[in-house]
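Here is a set of exercises to work through with the structure open beside you. Try each task on your own before you read its solution.

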Amino acid sequence: MDAPCRIQAASSADLGAVARIEATAFPDPWSAEQFGSHLGDLFLVAVAAGEVIGYLVAWSVGVEAEILNVAVAPDVRRRGTARTLLTEALAKLGQAGVTSVFLEVRPSNVAARHLYASVGFREVARRRGYYATPREDALVLRREGHDGRDGQ
Ligand SMILES: CC(C)(COP(=O)(O)OP(=O)(O)OC[C@H]1O[C@@H](n2cnc3c(N)ncnc32)[C@H](O)[C@@H]1OP(=O)(O)O)[C@@H](O)C(=O)NCCC(=O)NCCS
């Protein structure tokens, strides 16, 4: 089901709202300034009723890209917003010639792992003790393919 939101490139006007969602989503949140440093990368926001309700940040080098950050506001989760953001990001990366997309995820983050699996990401490695607060391994996931619809 499509989410009732619009996906658009982030602008500096979105940074405060993005950082507020980030602070609810992670114990070690990025600041608005850190998000601002990614305005030249692939930085998408999901907007519903004029409000930012989610975001995704990625960067790419040649044919490889990394999803750096994804979150959705707690009160509007499970409505397809993150999947819509990811699908849009994967399509844009594919159009730019990216063929491999990587990301890291906590093994305990069941919601995110299901989300990534649902768009074709597969586990390729584990980084021991990668995360702090709280300390946890990272699973490295990779998705091969050219857009949000054909990768496996
Ligand atoms: C992970 C997160 C971004 C998902 O956002 P969302 O908009 O609620 O996700 P969607 O509604 O697009 O869900 C897409 C799929 O992800 C999976 N999923 C999402 N939330 C889930 C949950 N709580 N439990 C299990 N699976 C879940 C499901 O497969 C879902 O598809 P379905 O609803 O058809 O079953 C959101 O929970 C979040 O912001 N979490 C905190 C930040 C975070 O962990 N980011 C990822 C860091 S790697």
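Predicted model: local features only at pLDDT ≥ 70, side-chain atom pairs only at ≥ 80, totals over all residues.

**Exercise 1. Helix 3 and its surroundings**

Task: Compare the span of helix 3 with the expected value, then say which elements its buried residues pack against.

Solution. 
- Step 1: Helix 3 has 15 residues, and at 1.5 Å a residue the expected span is 21 Å. From first C-alpha to last, the helix reaches 21 Å, close to that expectation.
- Step 2: List the buried positions: Thr-81, Ala-82, Thr-84, Leu-85, Leu-86, Ala-89, Leu-90 and Leu-93.
- Step 3: Look at the spacing in that list with a general point in mind. An α-helix has 3.6 residues a turn, so residues three or four places apart point the same way.
- Step 4: Check what comes next along the chain. Just after helix 3, Gly-97 takes a positive phi of about 95°.

**Exercise 2. Strands 1 to 4**

Task: Trace the pairing from strand 1 to strand 4, and name a residue pair for each step.

Solution. 
- Step 1: Strand 1 and strand 2 run antiparallel and are joined by four bridges. Here Gln-8 has Val-45 of strand 2 as its bridge partner.
- Step 2: Strand 2 and strand 3 are antiparallel too, with seven bridges between them. Val-45 stands opposite Tyr-55 in strand 3, and Leu-42 is partnered by Ala-58.
- Step 3: Strand 3 pairs with strand 4 in the antiparallel sense over eight bridges. Leu-56 stands opposite Val-70.
- Step 4: Look at the turn of the hairpin formed by strand 3 and strand 4. Two residues lie between the strands, and Gly-62 in the turn has a positive phi of about 60°.
- Step 5: Consider how covered strand 2 is: five of its seven residues are buried.

**Exercise 3. The largest nonpolar core**

Task: Which residues of the largest nonpolar core touch the most other members, and what does Leu-56 touch?

Solution. 
- Step 1: Begin with the general expectation. In soluble globular proteins, nonpolar side chains tend to be buried together.
- Step 2: The core holds 37 residues, among which Leu-44, Tyr-55, Leu-56 and Ala-89 touch the most other members.
- Step 3: At least two residues of this core come from each of helix 1 (15-25), strand 2, strand 3, strand 4, helix 3, strand 5 and strand 7.
- Step 4: Leaving aside residues up to four places away in sequence, Leu-56 touches Leu-44, Ile-67, Val-70, Leu-85, Leu-86 and Ala-89.

**Exercise 4. Backbone exceptions**

Task: Where do Ala-49, Arg-78 and Pro-134 lie, and are Ala-49 and Arg-78 buried or exposed?

Solution. 
- Step 1: Recall the background. Most residues other than glycine have a negative phi, and most peptide bonds are trans.
- Step 2: Ala-49, in the loop between strand 2 and strand 3, has a positive phi of about 50° without being a glycine. Ala-49 counts as exposed because it has 7 C-beta neighbours inside 10 Å, where the cut-off for exposed is 12 or fewer.
- Step 3: Arg-78 sits in the loop between strand 4 and helix 3. Its phi is positive, about 65°, although Arg-78 is not a glycine. With 8 C-beta neighbours inside 10 Å, Arg-78 is therefore exposed.
- Step 4: Pro-134 lies in the loop between strand 6 (122-131) and strand 7. A cis peptide bond joins Thr-133 to Pro-134, with omega about -15°.

Conventions. Residues numbered from 1 in each chain as written. Expected span 1.5 Å × (residues − 1). Buried ≥ 20, exposed ≤ 12 C-beta atoms within 10 Å, placed from the backbone. Contact = placed C-beta atoms within 7 Å. Core = buried A, V, L, I, M, F, W, Y, C linked by C-beta atoms within 7 Å. Pairing = 2+ DSSP bridges.
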